[in-house]
Amino acid sequence: MPELPEVETTRRGIQPYMQGKTVAEVVVRQPKLRWPVSPDLAQQLASSHIVYIHRRAKYLLFEFPHGVMLLHLGMSGSLRVYPNDSAPPPEKHDHIDIITVDQTVLRLRDPRRFGSVLWFTGAAEQHPLLQHLGPEPLQEEFTSGYLKNALSRRKSAIKTALMDNKVVVGVGNIYANEALFAAGILPTRRADRVSAEECRRLVTEIRNVLHCAIEVGGSSLRDFVHSDGQSGYFQQQYHVYGREGEPCHHCGTPIARQIVGQRSSFYCPNCQR
């Protein structure tokens, strides 16, 4: 599933082509995504101006003067941009085209159809899917003090807590593994037993891992590609994720794997406590 760096990379890829443009037409070929596409989406967007494109958690938010379109890539979704009437004929999994007046096409491809395109006439932060989310990990409100307080009442594993969007958004499985390794914390450690100093390290390393992933364009996950069709490269920098049995880059100990919260967790038994 595309995680925060992949979604942020996608946002940065499409923003120069779509932000500030006026929508001329919306073509919905397959309305049956994770939730049904609104039957009046084309009518809502036609002749309307895309004011701003930003991200909240793993949602792309297209702000219009009269509402917001929430777009989630699901398990295998991707967005492609085709400027100046250069779009090829749509293929089987190309479900939605948003076409601007200058004939730029934003195309949603989603083989598994777990993505979503939702229209909401209120403020984005009031949408039920966004209303109760935790802070963004790259913004100032995500502090070590906040994290320590959020973990203090949780007896679950620290990795499970980090992947809870009510604690912090967008830290999915890959980046939780990598940040915990960098901070020297076992993924199985009880969340309420992580010290204040360890929370400080965790906040720093979560930010470092996410910034690094964004800089190299995220990770290649199944069908994930950027808006230009290129793959991400952060997977070449994994220290623990997917490296079971391989030597730790720091100490040489074989990387171990354990199921935590129904997800594979990778760690170094020597470097992490």
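Buried residues account for 50% of the 273 residues in the protein chain. The model is predicted. Its accessible surface comes to about 12,300 Å². Carbon and sulfur atoms contribute 48% of that surface.

The overall dimensions were examined next. The C-alpha trace spans about 60 × 35 × 30 Å along its principal axes. Among contacts with a separation of 6 or more, 64% join residues 24 or more positions apart.

The secondary structure consists of six helices and ten strands. Charged side chains number 32 positive and 27 negative. The centres of these two sets lie 8 Å apart.

One annotated region was considered. An unreviewed UniProt entry lists residues 2-115 as "domain: Formamidopyrimidine-DNA glycosylase catalytic". Over residues 2-115, the chain is 18% helix and 35% strand. The end C-alpha atoms of this stretch are 11 Å apart.

Leucine 186 sits in the loop between α5 (173-183) and α6 (196-215). Its relative accessible area is 22%. Buried means under 20% and exposed means over 50%, so leucine 186 is classed as partly exposed. Leaving aside residues up to four places away in sequence, leucine 186 touches Ile158, Tyr267, Gln272 and Arg273. Serine 265 is 79 residues from leucine 186 along the chain, yet their C-alpha atoms are separated by 9.5 Å.

How values were computed
Residues numbered from 1 in each chain as written. Predicted model: local features only at pLDDT ≥ 70, side-chain atom pairs only at ≥ 80, totals over all residues. Heavy atoms only, no water. Helix = DSSP H or I, 4+ residues; strand = E, 2+ residues; numbered from the N terminus. Buried < 20%, exposed > 50% of the residue type's maximum accessible area, 1.4 Å probe, protein only. Contact = heavy atoms within 4.5 Å. Areas by Shrake-Rupley, 256 points an atom, 1.4 Å probe, with all protein chains shown as cover. Lys, Arg positive; Asp, Glu negative; His and termini not counted. Charge placed at Lys NZ, Arg CZ, Asp CG, Glu CD. UniProt positions renumbered as here; feature names shortened; annotations may be inferred.
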